[in-house]
Amino acid sequence: MSAVELAPHGADTTKPKARRGDIAWRWWLVMPALIVLLLAASGPLLIVLVYSFLEPGNFGGVVWNFSTDGWFQVFFTRDIFDETLVTPATAHLDIFWRSIKLALYTTLITAILGFPTAWFIATRAPDVRPIWLFLVTIPFWTNLVIRTFAIMEVIRNEGLVNNVLRGVGIVSAPIQMLFTDFAILLGMAYVFLPLMVLPLYASMEKLDFKLLEAGYDLYASRLRVLWHIVLPLVKPGFIAGSILVFIPAIGAYVTPRILGGGRNLMLGNLIELQFGQGRNWPLGSALALTLLVIVVIALLFYIRSTSQPEGQRHG
Amino acid sequence: MRTTRLTLAAAALAASTALASAQDGGQLNIYNWGNYTSPEMIEKFEQETGIDVTVTDYDSNDTALTRIRAGGHGFDIVVPSNNYVPIWVEAGLLQELDPAEIPNMENIAERWRDVPWDPNRTHTVPWQWGTTGVIVNTSVYDGDINTSAIFLDPPDELKGKINVIPEMTDVMNLAVNYVGGEACTNDRDILRQARDKLVEAKQHWIALDYGTVDAYAAGDIAAGVYWNGASMRARLANEDLAYGYPKEGYPVWMDSAGILTDAQNTENAKKFLNFVLEPENAAMISDFARYANGVEGSDAFMPEDMKTAPEIVVPAEHEEAAYFSVTCPAEVQQLYTQIWTELLR
């Protein structure tokens with residue numbers, strides 16, 4: 001039985017049942033947040049939904065006629081040269097897949113890099129931990145675009161890394177790093193790393209290190225302790241971190257555009273294109289909602305697949 | 001009785017504030033492209049008129065249009081591109097201008113008076129104009145640069161070192177021109193050729209990026225599709241760079257200033273439009289952003305390096321290939337978007 005599992009169950013069962021008044025009062029407490037959510041999230045979302053079923057205006061905007069063309073265009077393409085020919089929109093599929101792949105890689109890289117970092121912080125003396133956490137959050141102080149341009153300066157052909165490499169004599173011609181997939185992943189990992197480190201740290205901080213000692217006492221190797229004790233216990237941190245990284249990463253487009261050079265569209269770029277130069281708001285709305293559905297499905301799938309084995313193990 | 005006194009007091013207050021603002025010239029809120037409004041020119045205007053000017057930036061025609069349409073913006077002047085001016089006028093977002101109130105409209109150069117996107121200049125006055133062409137580092141490639149082949153059929157020396165601005169309409173039109181069509185064409189055969197040409201050429205492009213003056217100057221990029229003023233700035237940093245006017249056709253654009261229908265400071269806005277049409281002041285704008293203006297007689301005040309710049313003064317032999325960029329019909333725009341998505345899939 002893990003400590004993490006104990007907490008919520010214990011809290012619910014040991015307390016006497018809340019009285020009706022209490023519950024009503026709690027609803028009042030949550031009201032401000034609910035109202036903000038309703039106005040700021042559901043409202044716009046509803047507008048997006050409505051727009052996706054309208055006709056595009058000539059110069060952007062929408063015409064108030066019902067149409068399913070927007071949704072049709074998400075999944076199918078009318079051939080430019082023969083309008084009767086309808087094929088699946090493989091271009092959109094490619095772009096969706098590219099964004100999903102990028103988000104998955106980013107999640108994986110930040111998890112691999114974030115775990116040791118969080119572990120390092122969690123194992124410092126309690127009074128210096130806030131300093132390390134504070135350092136992790138420093139990148140948040142600067143605007144995303146500026147940080148991305150800073151990375152660009154470092155890895156461009158005439159940038160810091162190449163100049164140093166050439167100065168030392170390791171390479172003779174500059175290595176092309178900017179405008180490659182490497183650049184995109186580097187930028188994404190850098191931008192999203194704190195979002196992985198912080199929840200991981202939160203779950204590690206609560207870790208009972210006596211359990212690790214118990215493991216060693218029972219002759220478990222370091223790897224076994226890591227695999228059978230540490231990882232299951234910090235899993236909630238991984239889940240929270242992965243969600244925090246994956247969702248914004250799938251819609252990210254500033255970083256891929258600047259560092260990747262914009263040769264290939266990301267989902268975010270594709271949606272922006274429809275609202276901007278493409279002047280097809282219904283298609284843009286439908287694409288945005290498709291992205292939303294993908295995120296929700298990924299979330300449900302992820303939560304299901306990560307919560308089941310734990311239940312079995314303890315059940 | 002009480003109400004009357006209150007009303008009177010309010011009226012007096014209103015009158016005194018009106019008086020005060022008349023004394024200090026009041027306000028003017030300009031909504032313009034980023035890095036496009038000469039601060040010296042604004043300072044001069046403020047000194048001459050006592051009007052307090054605020055400039056707010058936008059980064060694209062679409063951003064500006066969306067924000068103004070949403071209302072509650074508080075702006076008086078906006079500077080859309082020629083292909084967007086008809087949209088603004090059609091939507092009733094711009095006031096009609098009266099030449100009697102803006103006497104300097106007489107200074108508008110002949111070429112920019114009766115323009116297709118604003119016949120007889122009823123709604124806008126010229127701000128700056130430029131062209132979209134190609135830029136080439138001549139130390140890398142010294143052949144003919146006045147052609148779109150630079151990015152559509154690149155010579156071996158340039159392959160893998162080309163950047164294309166991510167302006168769908170401009171790039172599509174250049175490609176359509178290259179295969180022999182007219183901008184915003186609906187001709188499927190031409191579109192097919194343009195698409196094939198683009199898809200084939202893309203493998204030789206390193207990026208589709210905007211802000212690359214430094215990258216050109218530093219030699220990171222050797223060629224690309226670019227604007228004339230930016231090309232000039234790049235050349236001033238690296239003299240190997242040259243600007244080419246594609247002989248197959250290249251778009252000319254002009255950003256024009258107009259007064260918003262719901263402007264709060266219409267009178268000040270008129271004063272400002274009159275001010276920027278003064279040759280000396282128009283030259284200050286050009287000096288800042290490095291594009292030509294459309295004001296007769298401003299040449300005399302232009303900085304020396306712009307008077308002769310081949311990027312700014314279109315050489316006579318390249319004038320013929322120029323055409324005004326226009327707003328493509330919605331149907332064509334959708335075909336363009338489809339090809340563009342296909343290209344960047």
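Author: In helix α11 (residues 279-289) of chain B, the buried residues are N281(B), A282(B), A283(B), M284(B), I285(B) and S286(B). Here a residue is buried if 20 or more other C-beta atoms lie within 10 Å of its own, exposed if 12 or fewer, and partly exposed in between, with C-beta atoms placed from the backbone. Helices (H or I, at least four residues) and strands (E, at least two) are DSSP runs, numbered from the N terminus. This is a predicted model, where local features need pLDDT of at least 70, side-chain atom pairs count only at pLDDT 80 or more, and totals for chains, interfaces and linings use all residues. Residues are numbered from 1 along each chain as its sequence is written, while chains are lettered from A and ligands numbered from 1 in the order in which they are written.

The cover over the buried residues of α11(B) includes α2 (39-49), β4 (124-137), α10 (266-276) and α12 (304-307) of chain B; contact means that C-beta atoms, placed from the backbone, lie within 7 Å.

Opposite G133(B) stands Y226(B) of β7(B). β7(B) also pairs with strand β5 (residues 162-164) of chain B, in the parallel sense over three bridges, and there A223(B) is the bridge partner of I162(B). Five of the five residues of β7 (residues 223-227) of chain B are buried, so this strand is largely enclosed by the rest of the structure. In a regular strand the side chains alternate between the two faces of the sheet. Both faces of β7(B) are covered, with A223(B), V225(B) and W227(B) buried on one side and G224(B) and Y226(B) on the other.

Helix α7 (residues 188-202) and helix α13 (residues 330-343) of chain B pack at an angle of about 25°, with their axes 10 Å apart; axes are lines fitted to C-alpha atoms, for helices over the stretch in contact, and angles run from 0 to 180 degrees between N-to-C directions. That makes α7(B) roughly parallel to α13(B), the word for angles under 35 degrees. Among the residues that meet are L191(B) and L198(B) in α7(B), and L335(B) and I339(B) in α13(B).

Methods
Contact = placed C-beta atoms within 7 Å. Parallel < 35°, antiparallel > 145°, perpendicular 65-115°, else oblique. Pairing = 2+ DSSP bridges.
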